[in-house]
Amino acid sequence: MSIYDEALKFHEDVKGKIEVISRVEVSNSKELSLAYTPGVAQPCIEIHKDPDKAYKYTRKWNTIAVISDGSAVLGLGDIGPLASLPVMEGKCVLFKKFADVDAFPIVIDSKDVDEIVETIVKISKSFGGINLEDISAPRCFEIEEKLKERLDIPVFHDDQHGTAIVTLAALKNALKIVGKKIENIKIIVNGAGAAGTAITKLLLKAGAKNIIVCDKKGVLDPEHNLDKYKLELSKITNPNKEKGLLKDVIKGADVFIGVSAPYVLTKDMVKSMNKDAIVFAMANPTPEIFPDEAKEAGARIIGTGRSDFENQINNVLAFPGVFRGALDARAKKITDDMKLAAAEAIANFVKEDELNENYIIPKAFNLEVQKKVAEAVYKAAIK
Ligand SMILES: NC(=O)C1=CN([C@@H]2O[C@H](COP(=O)(O)OP(=O)(O)OC[C@H]3O[C@@H](n4cnc5c(N)ncnc54)[C@H](OP(=O)(O)O)[C@@H]3O)[C@@H](O)[C@H]2O)C=CC1
Ligand SMILES: CC(=O)C(=O)O
Ligand SMILES: [Mg+2]
């Protein structure tokens, strides 16, 4: 049976990957009068007097919403809110399993930025944080910006920032192996959406100088009638003003980072890269190139977003620990310093004597990684 058939049967058998479990007993009238009426009125009255007490008397402190409109689900595209639910349930499982964060999947049937923002603001009181998921660019940028302005709880778009953190961590370690420095290398980011934009900005913050970003039309070019986010990206990248398609600009590149679409990187393109090429083909579930092909074409280090190959570069390594650290610190925002600290923690988790071409990034199911990420984010938040 293929993994895809097996996964379908698995989902049918479990009938949903999450459930709500009570933390208290309600098996006699005393317990019922504490947890429910009349006792429950008391915390309500206290919270009414002082809203901050919600963190004391309810689960808000540990609860986040995983919210999607279903517009950029993995690399499947705009499959709508209902069809995105299996992914959102999956993210909730990972939040709980890897960082003991209680997460609820919420899918919104709208593509309108203001309607989505208003909906999230209106339900936000229940939550200690908002994790946006699989919302396509450029709407995702506007939604995140507006929510950050309106809410005093952390808002984090996982496909942007979780992915950027993990990519930076993987790149730091890959560069140690090939003996290159981030400020001296040429990096191609293919995909100028949520993930590609945030990856580019975080790599620039981390010292990269020469990044070229491509979308479906090739190198981001102000002459291409770019939206304001791509225009901004075009201004802070491509210092040598290269032009053309991916196949043109990838020549001589040290690193390819794909957050775009299946099979868009060919063996010939990999062959045209610099010596010791690093290829992160992170589109899910089908990468820009499969690892065996990239290897045959001469890539030295290869990563994908998938669990079934070496070097899984996937935001699962970041988002549970990031929220654990942010919730514990009662952070109101997730800052660049918190993201950089998370990337450093993930990279440092791989010890020098373990680091090799097939192990540049810790395994997703190693719970110790999330503890280190949470610690690093907590410390950065407090600072
Ligand atoms: N491994 C991981 O942890 C993660 C992986 N991803 C993967 O990255 C991909 C993009 O996700 P996300 O950024 O959220 O999606 P978005 O919809 O926000 O962005 C997709 C981007 O990919 C570009 N693109 C699509 N096809 C091509 C192509 N043939 N050549 C060049 N660029 C192309 C689009 O170009 P245009 O703007 O011209 O339409 C767009 O800029 C998905 O496959 C997703 O699964 C995302 C997050 C995390
Ligand atoms: C991993 C993930 O979040 C994505 O592919 O969209
Ligand atoms: Mg996603």
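The dialogue below walks through the sheets, helices and ligand shells of this predicted model.

Me: What should I know about the numbering and the model before I start?
Reply: Residues count from 1 along each chain as its sequence is written, while chains are lettered from A and ligands numbered from 1 in the order in which they are written. The model is predicted, local features need pLDDT of at least 70, side-chain atom pairs count only at pLDDT 80 or more, and totals for chains, interfaces and linings use all residues.

Me: How are strands put in order, and what is the order in the open sheet of 4 strands?
Reply: Helices (H or I, at least four residues) and strands (E, at least two) are DSSP runs, numbered from the N terminus. Two strands pair if DSSP finds at least two bridges between them. Here the order is 2-1-3-4, with parallel pairing. Strand 2 (102–107) and strand 4 (155–157) each have a single partner strand, so one side of each has no neighbour in the sheet. Neighbouring strands of this sheet are turned by 20° against each other on average, direction ignored.

Me: Which residue is the bridge partner of V66 in strand 3?
Reply: The partner is N131. Strand 1 (residues 63–68) and strand 3 (residues 129–132) are parallel and share 4 bridges.

Me: Which strands does helix 7 lie across?
Reply: For packing, two residues are in contact if their C-beta atoms, placed from the backbone, lie within 7 Å. Axes are lines fitted to C-alpha atoms, for helices over the stretch in contact, and angles run from 0 to 180 degrees between N-to-C directions. Helix 7 (residues 139–150) lies across strand 3 and strand 4, at about 170° to strand 4. Helix 8 also packs on this sheet, touching strand 3 and strand 4, and its direction makes about 75° with that of strand 4.

Me: What is the strand order in the open sheet of 6 strands?
Reply: The order is 7-6-5-8-9-10, and the pairing is mixed. Strand 7 (218–219) and strand 10 are at the edges with a single partner strand each, so one side of each is left without a neighbour in the sheet. Helix 8 (residues 158–178) lies across strand 8, strand 9 and strand 10, at about 160° to strand 9. Helix 9 (residues 194–205) lies across strand 5 (186–190), strand 6 (210–215) and strand 8, at about 175° to strand 6.

Me: Are the residues on the faces of strand 9 buried or exposed?
Reply: In a regular strand the side chains alternate between the two faces of the sheet. A residue is buried if 20 or more other C-beta atoms lie within 10 Å of its own, exposed if 12 or fewer, and partly exposed in between; C-beta atoms are placed from the backbone. In strand 9 (residues 278–281), I278 and F280 on one side and V279 and A281 on the other are all buried.

Me: Which residues surround ligand 2?
Reply: A residue is near a molecule or strand if its C-beta atom, placed from the backbone, lies within 6 Å of it. Around ligand 2 are L74, D134, D158, D159, N284, G305, N314 and N315.

Me: Which residues come nearest to ligand 1?
Reply: Of the 28 residues around ligand 1, these are G75, G193, D215, A283 and G305. Helix 9 gives the largest share of the shell, 3 residues.
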